[in-house]
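These are my notebook entries on one chain. I set down what I looked up, entry by entry.

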Amino acid sequence: MFPWPLRHLPGPHQEMFRHQKAVKGFIRQEIMRHKLGAPEAPKDFISCYLAQITKAMDDPVSTFNEENLIQVVIDLFLGGTDTTATTLRWALILMVQHRDVQERVQQELDEVLGAASAVCYEDRERLPYTCAVLHEVQRLSSVVTVGAVRQCVTSTRVCGYPMPKGTIILPNLASVLYDPECWETPRQFNPGHFLDKDGNFVVNEAFLPFSAGHRMCPGDQLARMELFLMFATLLRNFRLQLPEGSPRLKLEYIFGGTLQPQPQDICAVPRLGSPSPGPRAECL
Ligand code: HEM
């Protein structure tokens, strides 16, 4: 991914290479631990992948090998941690900014979940407003604003434009997430984008934070589940607000691969009678 001379030049990027080496070393150890373990039915990603390497051993064009396994595990961690955590941080900030929306979500959670000990993913069907808010957070925060860098493996045409083999493609997801033809108030936080006139949740086909097509995010279902359970559990249990005397929320993003909020303090004040310690384990 990086031009090879960078590896030999001094500079802060060397620290990144050191971390990369440490992560790879850790994953190698994990692979070794799996190989040394008792042979049994594959029960996790690494053991399934190792079984596939063995199965494809006689295939001369197979891409299943240990170096690729290490890279795929890195991809899963890279793709699956910062994205979800950053979206959740925006959700908390937007709830502080839009106090009325926060209160309406809490009211819906109280009414629908009542005394249930914890939130369950299936509950989303009965929580249209909460779902709309979370979708709007994802739309407006647009954390992966330019999708992953891709390259054409063969020459093709898109909407009549020629794309020669080797062309680098950067999908501009923000152009869809903020398209004035698809959203009533594209640059403003508006959960109404995902609600019909009766308050039912509605999907909008321009909602593409996970991109589209064959190479869309493979972790979208996991991300949606994580976000829903964490967001609903946090809002059910805490009132989010600025600390006393704090001047204002910082809403400008920092670009760090994803579009991230600036570091800032937010208070989570326990809500009276909040019932739950966390999501129900049996629902995960
Ligand atoms: C809010 C959370 C997330 C967002 C907004 C997001 C968004 C995206 C986007 C836009 C892409 C590029 C798709 C393309 O090129 O067309 C992508 C790729 C990817 N995502 Fe996610 N993602 C999220 C969570 C996750 C999670 C939880 C995982 C896995 C545990 C994950 C794993 C990946 C991987 C491995 C790729 C690269 C796929 C490939 O190269 O084919 N993502 N994601």
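I classed a residue as buried if 20 or more other C-beta atoms lie within 10 Å of its own, exposed if 12 or fewer, and partly exposed in between, with C-beta atoms placed from the backbone. I worked on a predicted model, in which local features need pLDDT of at least 70, side-chain atom pairs count only at pLDDT 80 or more, and totals for chains, interfaces and linings use all residues. Residues are numbered from 1 along each chain as its sequence is written.

Entry: the chain as a whole.
I found 8 helices and 8 strands in the chain; helices (H or I, at least four residues) and strands (E, at least two) are DSSP runs, numbered from the N terminus. The C-alpha atoms fill a box of roughly 60 × 55 × 40 Å along the principal axes. Of the 284 residues, 19% are buried. I counted two residues as in contact if their C-beta atoms, placed from the backbone, lie within 7 Å. Among contacts with a separation of 6 or more, 68% join residues 24 or more positions apart.

Entry: domains.
I took the bounds from an automatic or database domain assignment, which gives domain 1 (1–64) and domain 2 (87–283). The C-alpha centres of domain 1 and domain 2 lie 32 Å apart.

Entry: the ligand shell.
Which of the 24 residues around the ligand come nearest? They are Gly 79, Gly 80, Ser 211, Cys 217 and Gly 219. The elements that give two or more residues to this shell are α4 (66–97) and α8 (220–237). Helix α4 gives the most, with 7 residues. The shell divides into 13 nonpolar, 8 polar and 3 charged residues; Ala, Val, Leu, Ile, Met, Phe, Trp, Tyr, Cys and Pro count as nonpolar, Asp, Glu, Lys and Arg as charged, and the others, Gly among them, as polar.

Entry: Pro 218.
I located Pro 218 in the loop between α7 (173–177) and α8. Is Pro 218 buried or exposed? Pro 218 is exposed, because 12 other C-beta atoms lie within 10 Å. Pro 218 and Gly 80 are 138 residues apart in sequence and 9.6 Å apart in space, C-alpha to C-alpha.

Entry: positive phi.
Most residues other than glycine have a negative phi. I noted Ser 211, which is not a glycine, with a positive phi of about 70°. Ser 211 lies in the loop between α7 and α8 and counts as partly exposed, with 16 C-beta neighbours inside 10 Å. Cys 159 also has a positive phi, near 50°. I placed Cys 159 in the loop between β2 (156–158) and β3 (161–163); Cys 159 counts as exposed because it has 4 C-beta neighbours inside 10 Å.

Entry: Lys 165.
I found Lys 165 in the loop between β3 and β4 (168–169). Lys 165 is exposed, with 10 other C-beta atoms within 10 Å. Leaving aside neighbours within four places in sequence, Lys 165 is in contact with Cys 152, Val 153, Thr 154 and Ser 155.

Entry: α5 against α8.
Residues of α5 (99–113), namely Gln 102, Val 105, Gln 106, Leu 109 and Leu 113, meet Ala 232, Leu 235 and Arg 236 in α8. I recorded 5 nonpolar, 2 polar and 1 charged residues in this contact.

Definitions and conventions
A residue is near a molecule or strand if its C-beta atom, placed from the backbone, lies within 6 Å of it. Axes are lines fitted to C-alpha atoms, for helices over the stretch in contact, and angles run from 0 to 180 degrees between N-to-C directions.
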